[in-house]
Amino acid sequence: MSETNELRIAVIGAGPAGVYSSDIFLRQLGKLGEELGLGTKARIDLFEKLPVPFGLVRYGVAPDHPSIKFIASALEKTLDNPDIHLYCDVEFGKDVTLDELREQGFKAFYVAIGCQGGRLAGIPGEDAEDVTVAVDFLREVNSGKIDSLSGRTIVVGGGNVAIDVARNACRLGSEHVEMFCLESEAQMPASEEERREAVEDGAHISCGWGPKEVHLDEAGRVCGITFKRCTRVFDDEGRFAPEYDENDLRRVDADRVVMSIGQSIVWGDLLAGSKVELGRGQGALADPQTYQTAEPDIFVGGDVY
């Protein structure tokens, strides 16, 4: 492809995987493009569903964390490349489709939409309005949609994301914030430093409990949650296989519950009509060397691979 007929690539998702892959592709094209018969000129259109780029770096964690500030700054510099064109508030399958871009001359698509959804626990009452998942909670906090909280906030989960939820809830004014996780203190996924900082912010951490049921009042609002004692998190082979003592229960009052027990991929209609195959965890199956899917012009990366 000649310099005057530039290669057009669409990258879907402007988180770290999408931004950095755009930069890497352009650099490699400059070195190897002529040898591969692609030329050395390309235009990358970077599409983002949210109003601003950087995904969970901006929306999903504490934005004032030093390491997050460093990553965000590096991503900003990458977007200064004039061959990368960023378009926000674009939802694939709704605002634009793969076929429409193919008709416009796009030759390849790199899908890096990340894990935008959260997982629920599959317990009664969790479909209430005051039950949310960590990624949604943090997105609303970091976008300014939630700027204050009152009452009691219960966080289910023991990872660093759960810590971020708890610390934000404390800072926004929730009178009581408590985390409940399956693991013992020694087994918790969250780092010791993160746990210490959460406690310093005012959060409480209760280990060895799994959610059993969310309780609602007559108006359908959350009023409490019951936990059951977790007697084992992993089996003898180290696989996640929790067991519980259903007779050892603990009910706590709550005004809201935030589930931070895992994330999920939200494909929507992005892949409609394509040959892309999904694995058991809903990640796209692709070649481990090239990241090419069963649809020859669709590649995947980041958390959706």
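Predicted model: local features only at pLDDT ≥ 70, side-chain atom pairs only at ≥ 80, totals over all residues.
A residue counts as buried when its relative accessible area is under 20%. Six of the six residues of E8 are buried, so the strand is largely enclosed by the rest of the structure.

Strand E7, which covers residues 152–156, pairs with E8 in the parallel sense, and five bridges link the two. One of the residues to look for here is Ile 154, whose bridge partner in E8 is Glu 178.

Glu 178 turns up again in the surroundings of Ser 206. This serine sits in strand E9, residues 204–207. Setting aside residues up to four places away in sequence, Ser 206 touches Glu 178, Met 179, Phe 180 and Cys 181, together with Arg 250. The side chains of Ser 206 and Arg 250 are moreover joined by a polar contact of 3.4 Å. Ser 206 has a relative accessible area of 10%; because this is under 20%, the residue is classed as buried.

A contrasting setting is found at Glu 175, in the loop between helix H6 (160–171) and strand E8 (176–181). Once neighbours within four places in sequence are left aside, Glu 175 is in contact with Ser 150 and Gly 151. With Gly 151 there is a polar approach to the backbone: a polar atom of the Glu 175 side chain lies 2.3 Å from the backbone nitrogen of Gly 151. Gln 28, by comparison, is 53 Å away from Glu 175 in space, C-alpha to C-alpha, and 147 residues away in sequence.

The last stop is on the surface, where Leu 32, Leu 36 and Leu 38 form a nonpolar patch. Together these three leucines have about 250 Å² of accessible area. Leu 38 lies in the loop between helix H1 (16–36) and strand E2 (42–47). At 32% relative accessibility, Leu 38 falls between the 20% and 50% limits and therefore counts as partly exposed.

Note on methods: Residues numbered from 1 in each chain as written. Heavy atoms only, no water. Helix = DSSP H or I, 4+ residues; strand = E, 2+ residues; numbered from the N terminus. Buried < 20%, exposed > 50% of the residue type's maximum accessible area, 1.4 Å probe, protein only. Polar contact = N/O pair within 3.5 Å; in protein donor to acceptor, adjacent residues only side chain to side chain. Contact = heavy atoms within 4.5 Å. Patch = residues over 30% accessible without salt bridge, like charges linked within 9 Å, V, L, I, M, F, W, Y side chains within 5 Å. Areas by Shrake-Rupley, 256 points an atom, 1.4 Å probe, with all protein chains shown as cover. Salt bridge = Lys/Arg side-chain N within 4 Å of Asp/Glu carboxyl O. Pairing = 2+ DSSP bridges.
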